[in-house]
Amino acid sequence: PPASQNNEQGSTLRDLLTTTAGKLRLGSTDAGIAFAPVYSTGTASGKSGRTMPNILDDIIASVVENKIPPNRAPKINVKSEVKDEPKDDRKCIQDDCSKLYSDIQYSWICDKHVLWLRDHKNNNNGKLFKECWRQGRPVLVSGMHKKMNFSLWKAESISLDFGNQQADILNCKDSIISNTNVKEFWDGFEDVSKRQKIKNGETAVLKLKDWPSGEDFKAMMPARYEDLLKSLPLPEYCSPEGKLNLASHLPGFFVRPDLGPRLCSAYGVAATKDHDIGTTNLHIEVSDVVNILVYVGIAKGNGVLSKSGVLKKFEEEDLDDLLKKRLKDSSELPGALWHIYAGKDADKIREFLQKIAKEQGLEVLPEHDPIRDQSWYVNKKLRQRLLEEYGVKTCTVIQFLGDAIILPAGALHQV
């Protein structure tokens with residue numbers, strides 16, 4: 001438009017609405033909108049003068065009234081409208097609608113809070129995943145490693161290719177981060193005798209902190225990057241090019257979180273005396289995340305639990321019957337223990353952790369957020385207290401080799 005019209009039309013949506021509304025109030029015929037003015041300066045109650053924000057309400061009300069068919073009363077009956085709503089399928093999903101999804105191999109775990117898709121190759125998985133995902137529930141897809149080039153993900157293979165790289169390594173016991181050669185980490189991945197010792201002579205539990213990540217991952221490990229991408233579950237959602245992966249399609253001027261991929265590698269706690277620590281403390285991701293267990297190392301050396309000992313440690317958890325059954329399957333290799341909480345429980349968990357901190361004599365500052373700071377791994381005793389005192393139940397999931405765990409943004413979890 002000519003420069004003289006710029007001020008009149010407005011440069012923002014707010015300006016545009018108020019400018020147009022002003023024209024409607026005055027009964028202007030050049031408002032550029034194809035319906036008559038709905039503003040009147042007087043009301044039935046005799047009040048005169050309406051404020052500008054009400055103009056939009058009047059416009060919307062007029063449009064709604066005009067949409068009502070002639071054979072229906074204009075008054076909206078709330079109860080009848082509710083009856084016309086589509087049936088909520090949440091109950092249908094929870095009650096295992098086997099007829100509706102008979103072409104999908106699936107089960108429910110954790111009291112039907114987590115969907116387990118047992119056949120990663122089934123092209124129909126998406127329709128059940130969609131119904132589960134809209135409710136904000138985690139989903140587990142098993143067997144992803146069968147699509148991958150397993151040799152690329154072995155510890156010795158990564159150490160051989162990238163052993164000379166420097167990276168941040170986290171000591172999970174005391175949260176100390178050091179920058180060191182990654183070969184030191186990989187040398188001790190399956191050989192406990194080559195692991196670092198902490199002050200009291202105990203074996204350190206180390207984590208290679210998000211190395212590599214994002215564009216670095218793609219540049220450093222192109223073959224592994226391509227192998228990962230072709231193996232992603234539910235690619236419409238999880239692939240960077242997936243049409244339902246909305247974050248990947250945002251215009252460039254949006255500030256995205258780190259969408260990865262990132263390699264998360266950590267020692268297990270089976271070789272330590274303290275099993276109350278985690279390799280990933282309780283936290284929340286700001287975006288949806290898919291985590292695939294691409295490799296499980298079998299530690300050897302003095303003090304390491306046997307396979308039966310490791311399985312016993314898993315069985316001490318509050319496990320779903322289906323997970324117990326998977327543990328007894330010799331073809332399955334368990335590698336990670338997850339505790340997951342719904343996002344709606346975040347405030348209760350935050351309050352609980354602050355209470356525990358005070359009980360332990362720790363200083364709790366007003367700006368301190370135990371979840372954001374990732375300062376807690378909630379052990380078994382605390383998980384029981386969380387249930388008893390706040391009614392928050394822990395969803396415990398064992399991740400086996402090849403399992404993909406898909407978590408919605410806002411879900412709390414520790415590993």
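Helices (H or I, at least four residues) and strands (E, at least two) are DSSP runs, numbered from the N terminus. By this rule the protein has 15 helices and 13 strands. The model is predicted, so local features need pLDDT of at least 70 and side-chain atom pairs count only at pLDDT 80 or more, while totals for chains, interfaces and linings use all residues. Residues are numbered from 1 along each chain as its sequence is written, and side-chain values use heavy atoms, with hydrogens and water left out.

**View 1. The whole protein.** Buried means under 20% relative accessible area, exposed over 50%, and partly exposed in between (1.4 Å probe, protein chains only). Of the 415 residues, 41% count as buried. A contact means heavy atoms within 4.5 Å. Among contacts between residues at least 6 apart in sequence, 68% join residues at least 24 apart.

View 2. Two strands pair if DSSP finds at least two bridges between them. The strand order is S8-S13-S10-S11, with antiparallel pairing. Strand S8 (283-284) and S11 are the edge strands, and each pairs on one side only. Six antiparallel bridges join S10 and S11; Leu337 has Ile398 in S11 as its bridge partner.

**View 3. The hairpin of S4 and S5.** Strand S4 (residues 166-171) pairs with strand S5 (residues 176-181) in the antiparallel sense over six bridges. Asp168 has Asn179 in S5 as its bridge partner. Four residues lie between the strands of this hairpin, where Ser175 takes a positive phi near 60°.

**View 4. The nonpolar cores.** A nonpolar core is a set of buried Ala, Val, Leu, Ile, Met, Phe, Trp, Tyr and Cys residues joined through side-chain atoms within 4.5 Å. In the largest one, of 49 residues, Leu117, Val139, Trp153, Trp186 and Trp211 touch the most other members. Helix H6 (residues 125-133) gives the largest share of this core, four residues. Leaving aside neighbours within four places in sequence, the contacts of Val139 include Leu115, Phe129, Trp133 and Ile405. A second, separate core of 22 residues includes Ile109, Leu140, Leu311 and Phe400.

**View 5. The second largest pocket.** On a 1 Å grid over the protein atoms alone, a pocket is an open set of points where a 1.4 Å probe fits, with protein on both sides within 12 Å along at least five of seven lines; lining residues have an atom within 4 Å of a point. The volume of this pocket, about 660 Å³, is the space filled by probe spheres set on the points, which are joined across faces, edges and corners. Of its 29 lining residues, Cys110, His113, Ala342, Lys393 and Cys395 are the closest to the centre. Helix H5 (90-94), strand S10 (334-341) and strand S11 (395-400) are the elements that give two or more residues to the lining. The lining divides into eleven nonpolar, nine polar and nine charged residues (Ala, Val, Leu, Ile, Met, Phe, Trp, Tyr, Cys and Pro count as nonpolar, Asp, Glu, Lys and Arg as charged, and the others, Gly among them, as polar).

View 6. Thr279 lies in the loop between strand S7 (265-266) and S8. Thr279 counts as buried because its relative accessible area is 15%. Not counting residues up to four places away in sequence, Thr279 touches Cys172, Val205, Lys207, Ala266, Tyr267 and Val415. Gly260 lies in the loop between helix H11 (235-238) and S7. With a relative accessible area of 24%, Gly260 is partly exposed. The C-alpha atoms of Gly260 and Ser213 are separated by 5.6 Å, although the two are 47 residues apart along the chain.
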